[in-house]
Amino acid sequence: MAGTIYKKPILFAVVVTVGILIGTAVMMVFPMLTPQMHPKLQNLNPYTALQLAGRDVYQEEGCFYCHTQTVRPLKAEVMRYGEYSKAGEFAYDQPFLWGSKRTGPDIARVGGKYTDKWHYKHFNDPRKLFQGSNMPSYGWLADRQVDAKAAEARMNALGFPYTKEEMAALSDKTKLDALVAYMQSLGHAVPRKPRPPMIAKGDMNPLAGDMNAVAEGKKVYEMNCAACHGVDAKGDIGPDLTDKEWLYVVGPVGDDTLFFTIADGTKKDMEFEGRRAKGGMPSWGEFFGKKKIWSLVSYIRSMEEKE
Amino acid sequence: MAEDTSYEWKPVKGFALSGLFWGAVSVLIGLIISIQLWKPELNIAPFLTYGKLRAVHVNGLAFGFAVAEIFALSYYMVQRLTRVPLLFPKLAMVQLYIFNAAIVAAAVSLLAGMTQSKEYAELEWPLDIGVVILWVMFAVNIFGTIIKRKEEQMYISLWYLIATVIAVAVLYVVNNLAIPVGLFKSYSIFAGVNDANIEWWYGHNAVGFVFTTPILAMFYYFLPKSTGMPIYSHRLSIIAFWSLVFAYLWTGAHHLVYTPLPDWIQTVGIAFTMFMIAPSWGSVVNGYYTLAPDWSQMKTNYLAKFFILGITFYGLQTIQGPTQGLRVVSQLIHYTDWVPGHVHMGTMGWVAMTVGASMYYVIPKVYNTEIYSVKLANTHFWFVLIGQLIFSITMWILGIQQGAMWKAISPDDGSLSYTFMESVVNNYPYWKMRTVGGLLFFVGLCMFAYNIVMTVLRAKKIPAPAGQGR
């Protein structure tokens, strides 16, 4: 009779063990034995010693409690963060750091989005860049040296390649340097598809001369752009917007170039009207839409005129 | 009865009071980090930042509070249900000392940033070994005592305890496998997608076999004991037990919906998660029908109130959880504050109420006295209930708002309606409200702690007349 199992603790324990091992075998052990759980994208690189040191800081400080590192294949999410995450992007992640909560934004694609200077300033005092931010300040990490000796042992433990020079260079790096290097390493294994252009080349600002557009542009500027370009737009992390210089060359640029710079951001060596960008401007097209971007162009033009 | 005097209550007392202490400290830390979320200046680097304290809060409550009370109440139940004293009482006392030393070491190491960075498995490898040793000690005493038992039939609570002992051992050992680099650092032996799958196979079942099965063991034992009503249906408890134990291990992937984890694993995980409603509600229904012949106890017996509200939150939790697993719901609320709202209904509602009531029952028994104040226990009940409801409901509302703001697209030009920062700014009033809920809960918990401590102190001062000990 089946009821006797409740009088036989050892038999009972065996049946329970078998019971829990069935689900375990199907959902955990079996997938582990198949290649689908061990994919690696072709242009995925192991972490450098500095990046790994930064990843260790990311773990130590519990950053993963507030930031995720996986973009879901949902329309708004891809717009906000970039291409959705692929299984083959995480082959060197021991442990994975996908996280489970977005108190801050996802950072799977943050690498290259901002300049190093932006990151230092932001870690130092997040509220300088985002007034409403509740992220703790991490400027104190600049007073902590990376432990070069430990770094070598850690690289060896994970089997990542490194050079002697790379290790020697670690000795004058701080934990903040390492953390910034880690931020910049994130999310490059998947090629970033260019978005179809939002306007045609040569388009002129349809809102030119509209004073309401200047006011609207000023509002958008203050909320989103002032942190990097300064409240007076005289430049800080990003360049001065009130002068005649555009992308390091003095001389006028078309409305369309201003539009594209705001909408798509800049990457190193991108070309705009023969000018070469150094990179570091994030793309805002997904957030602002055409009208707000043209308003911004109006606002920038209004400042130029005052000069 | 003559055999009563030979029961070993010392480990029960030790673990119960240790757990109470760690629980109070960890809830206080929870209160502090809830304030840090809306007052970032309160992050004091390097040790007292949110990223460090959150780990201490969660581990303090999972290991310091829940596991300690599981040890305490299991050692009580196993002696009562087998009608023999604990087989190795000295081992249990050694376990108690190691346990407290391990909790101190765990807190210090987490504040120092030593973490494996896997949720519920943060502790570094030397402490993992300590946890395994403690668990083996627990297993030896539980199994040893059961094997030596005088009561032939094993009661439901013993089934759940056996399942707890086995499942936690398997889960904990596998998920914590790591490559050590020195004493304070290790890297997971698993990588990427596979690591994620193993972590949430573990993570969800840590919830299952720490916050569910041992708590159900308490529920099935202490509800009938404190109300005098036998469990409504033995057959229902059999069905609920086996289906829960079988299905739980399949469900972890619902934590990884829409991640790069292969779709089939997500889908099977979601399907089993939906199935889990059945065994969960088996216990809920059994609990309600147990008290059904005499609902007046909800007014007259404060313990009945705790247990019935506790199982109610278990029921709500096990409806809400599977709903969240569905892709259509997950896409909206995953990664939002909805999730801490969900988690805290389970912990502050189901776990804290059931454990609290069990302790109200056990402490007077093992100290051979009466509870210090029933009135205070009633006040405790209302504070933790209202505190928890404010916490959870606030977070659910906020979670839906966050999810909606993140996905909102302007109908005019198809651009995103809100920047991330705009969604953060929207959080502040809700986060403050959560702190209010947490504060009420903490005050309730302090009443509980005071009541227990006074019960203990009074028992030591005025020994109860001989023959009253049970």
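Q: Which residues are linked with A:Arg102 in a network of salt bridges?
A: This is a predicted model. In it, A:Arg72, A:Glu77, A:Arg102 and A:Asp106 are linked in a network of salt bridges.

Q: What makes the pair A:Arg102 and A:Glu77 a salt bridge?
A: The cut-off is 4 Å between a side-chain nitrogen of Lys or Arg and a carboxyl oxygen of Asp or Glu. The N to O distance for A:Arg102 and A:Glu77 is 2.7 Å. The pair therefore counts as a salt bridge. It also links distant parts of the chain, 25 residues apart. A:Arg102 lies in the loop between H3 and helix H4 (116–124) of chain A, and A:Glu77 in helix H3 of chain A.

Q: How do you know that A:Arg102 forms a salt bridge with A:Asp106?
A: The closest N and O atoms of A:Arg102 and A:Asp106 are 3.5 Å apart. The limit is 4 Å, so the pair qualifies.

Q: Why are A:Arg102 and A:Glu77 called buried?
A: Buried means under 20% relative accessible area. A:Arg102 has 1%, so it is buried. A:Glu77 has 7%, so it counts as buried too. A:Asp106 is also buried.

Q: What makes A:Asp264 and A:Arg195 a salt bridge, and where do the two residues lie?
A: Their side chains meet at 3.2 Å, N to O. That is within 4 Å, so the pair is a salt bridge. A:Asp264 is in helix H11 (residues 255–264) of chain A. A:Arg195 is in the loop between helix H8 (175–185) and H9 of chain A. The two are 69 residues apart.

Q: What makes B:Lys52 and A:Glu61 a salt bridge?
A: Their closest N and O atoms are 3.4 Å apart. The rule asks for a distance within 4 Å, so B:Lys52 and A:Glu61 meet it.

Q: How many residues of each chain are in contact across the interface, and what area is buried?
A: 86 residues of chain A are in contact with 94 residues of chain B. The area buried between the two chains is about 7,700 Å². Carbon and sulfur atoms give 68% of it. A:Tyr6, A:Met27 and A:Tyr65 supply 11% of the area that chain A buries against chain B, more than any other three residues.

Q: How many residue pairs are in polar contact between chain A and chain B, and which helix gives the largest share of the chain A side?
A: There are 26 residue pairs in polar contact. H1(A) gives the largest share of the side of chain A that touches chain B, with 19 residues. The residues of that side divide into 46 nonpolar, 22 polar and 18 charged.

Q: What makes A:Ser100 and B:Glu119 a polar contact?
A: Their side chains are joined at 2.5 Å. The cut-off for a pair of N or O atoms is 3.5 Å, so the pair passes. A:Ser100 sits in the loop between H3 and H4 of chain A. Its relative accessible area is 17%, under the 20% limit, so A:Ser100 is buried. Beyond its sequence neighbours within four places, A:Ser100 is in contact with residues including A:Phe64, B:Trp200 and B:Tyr335.

Q: Why is H6(B) called largely enclosed by the rest of the structure?
A: 18 of its 19 residues are buried, so H6(B) is largely enclosed. The helix covers residues 192–210 of chain B and reaches 26 Å from its first C-alpha to its last, close to the 27 Å expected.

Terms used. Residues numbered from 1 in each chain as written. Chains lettered and ligands numbered in written order. Predicted model: local features only at pLDDT ≥ 70, side-chain atom pairs only at ≥ 80, totals over all residues. Heavy atoms only, no water. Contact = heavy atoms within 4.5 Å. Buried area = accessible area lost by both parts, 1.4 Å probe. Polar contact = N/O pair within 3.5 Å; in protein donor to acceptor, adjacent residues only side chain to side chain. Helix = DSSP H or I, 4+ residues; strand = E, 2+ residues; numbered from the N terminus. Nonpolar A, V, L, I, M, F, W, Y, C, P; charged D, E, K, R; others polar. Expected span 1.5 Å × (residues − 1). Buried < 20%, exposed > 50% of the residue type's maximum accessible area, 1.4 Å probe, protein only.
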